[in-house]
Amino acid sequence: MVVWSPHKFNCGLEMANRFAIAPLTTNASHDDGTAAENELEFVRRRAAGGYGVTISSAAYVEQDGRSWQGIGAAHEGHLPSLRRLAEVMHAAGGLAVLQIYDGGRIAKPELIGDERMRAPSAIPSLRPGAKTPRAMTSDEVENLIASFGKAASLARKAGFDGVEIHGANHYAVHQFFSPRANRRDDNWGGTLAKRMTFARAVAQAVRGALGPKLIAGFRVTPFESEPDGYTLEDSKQLCGELAGLGLDYISVSLDDYRSSRPMRETRVYNAPVEQGYTPTESPITEFVRVIAGRCALMASGGIKTCMDAEGAIGMGADLVAVGRAVVVDPEWLFKVRSKSEASILAGLPQDEREIAEALSIPPRMVEYLLSRPGWFPRI
Ligand SMILES: Cc1cc2nc3c(=O)[nH]c(=O)nc-3n(C[C@H](O)[C@H](O)[C@H](O)COP(=O)(O)O)c2cc1C
């Protein structure tokens with residue numbers, strides 16, 4: 001079966017199988033952006049399952065772009081913590097990739113202060129209670145690109161096998177590409193080509209910092225379901241550009257890889273879907289065509305069984321990233337591999353202490369998982 005076969009990236013590194021642990025923020029790091037023991041344990045137990053690659057929770061590249069209580073890759077002081085994380089992720093022999101992000105207009109004011117919120121344009125997000133950020137100066141934009149490059153250098157020094165740029169889920173890289181969030185009239189906004197310049201520059205900075213022999217990935221939301229958002233045609237163009245920049249993979253972020261529904265900006269899971277753009281074909285199939293073998297495609301969203309993973313591979317994906325299933329069942333891959341899928345845990349237990357203790361989930365992460373109704377099934 002293809003899912004158990006190795007995959008060789010353009011950079012030469014090889015994954016033992018096609019399964020990745022999706023990036024999973026724990027919201028449980030220390031105030032200074034270093035990893036807490038219980039979040040290292042969360043990762044260690046899950047990575048022990050033998051995934052081809054483990055992708056880290058998103059690490060902030062600048063303090064002012066921090067969206068939650070997560071890890072940082074913003075300065076040399078973060079190196080020891082990043083080294084420990086890479087060690088834990090490598091312990092079972094899989095590859096370790098650090099995801100890096102900036103929150104832009106969805107940075108968390110409680111963490112950084114209202115007055116520090118900056119984004120492509122001075123437009124608040126659709127999230128309830130969102131604050132209005134100020135528009136970044138062109139120097140700040142250049143500095144942010146350099147910060148992505150610096151974070152990639154830190155990842156290399158810390159022993160990671162590569163970096164994934166978080167260009168999805170409404171964070172800053174996504175915001176620069178979005179006509180809803182980016183109303184700039186300089187080099188970084190305006191036409192579709194200009195809205196792509198930030199993503200391209202970040203990809204080039206990261207590749208430059210990593211050199212040719214480490215993995216450079218880019219995570220993208222394939223279209224915005226909000227009215228006036230970017231379309232699948234727009235992101236296909238971006239994907240075509242990125243595939244030409246020597247990346248190793250493009251990861252497509254969807255709630256369910258089959259259903260063409262990306263994460264909405266409001267993050268209200270049980271609200272009706274806004275009247276927006278919906279493509280007729282799965283973005284996975286469309287992206288496979290555009291990429292045309294120039295780099296790998298990673299699919300994610302709703303993978304709970306081996307058959308789900310094979311379904312994504314059957315649509316042309318090379319790799320699959322598994323998120324909620326691995327949160328709920330730390331031994332998920334072991335059960336899939338040993339054909340004991342009937343014993344996979346289907347949801348989080350009712351008792352919060354049991355969630356934390358039995359599943360090695362930091363208590364702060366438990367709170368976070370339960371804060372959005374409909375995000376996780378309960379058993
Ligand atoms: C607790 C939690 C934290 C997440 N954190 C991140 C993150 O840091 N970066 C990211 O790109 N996606 C993040 N995601 C999205 C997942 O990587 C994944 O794309 C999504 O959950 C859909 O896949 P699934 O159906 O397998 O869960 C997170 C999801 C969950 C449930």
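## Cysteines

A disulfide is taken here as a pair of cysteine sulfur atoms within 2.5 Å. The model is predicted, so that local features need pLDDT of at least 70 and side-chain atom pairs count only at pLDDT 80 or more, while totals for chains, interfaces and linings use all residues. Residues are numbered from 1 along each chain as its sequence is written, and side-chain values use heavy atoms, with hydrogens and water left out.

The structure holds 0 disulfides. Cys11 takes part in none, its nearest cysteine sulfur being that of Cys295, 12 Å away. The sulfur of Cys239 lies 6.7 Å from its closest cysteine sulfur, in Cys295, which is too far for a bond. With buried meaning under 20% relative accessible area (1.4 Å probe, protein chains only), Cys11 is buried at 13%, and Cys239 is buried at 2%.

## Nonpolar cores

A nonpolar core is a set of buried Ala, Val, Leu, Ile, Met, Phe, Trp, Tyr and Cys residues joined through side-chain atoms within 4.5 Å. In the largest, which has 99 residues, Leu98, Phe160, Phe198, Ile250, Trp332 and Ile361 touch the most other members. Helix α4 (residues 138–158) supplies the largest share of this core, 9 residues. Apart from it lies another core of 15 residues, including Phe9, Tyr249, Met298 and Leu319.

## Helix α7

Helices are DSSP runs (H or I, at least four residues), numbered from the N terminus. At 1.5 Å a residue, the 14 residues of α7 (residues 197–210) should span 20 Å, and the end C-alpha atoms are 20 Å apart, which agrees; the expected span is 1.5 Å times one less than the number of residues. Among the buried residues of α7 are Phe198, Val202, Arg207 and Leu210. Gly211, which follows α7, has a positive phi, near 80 degrees.

Technical notes:
Helices (H or I, at least four residues) and strands (E, at least two) are DSSP runs, numbered from the N terminus. Buried means under 20% relative accessible area, exposed over 50%, partly exposed in between (1.4 Å probe, protein chains only).
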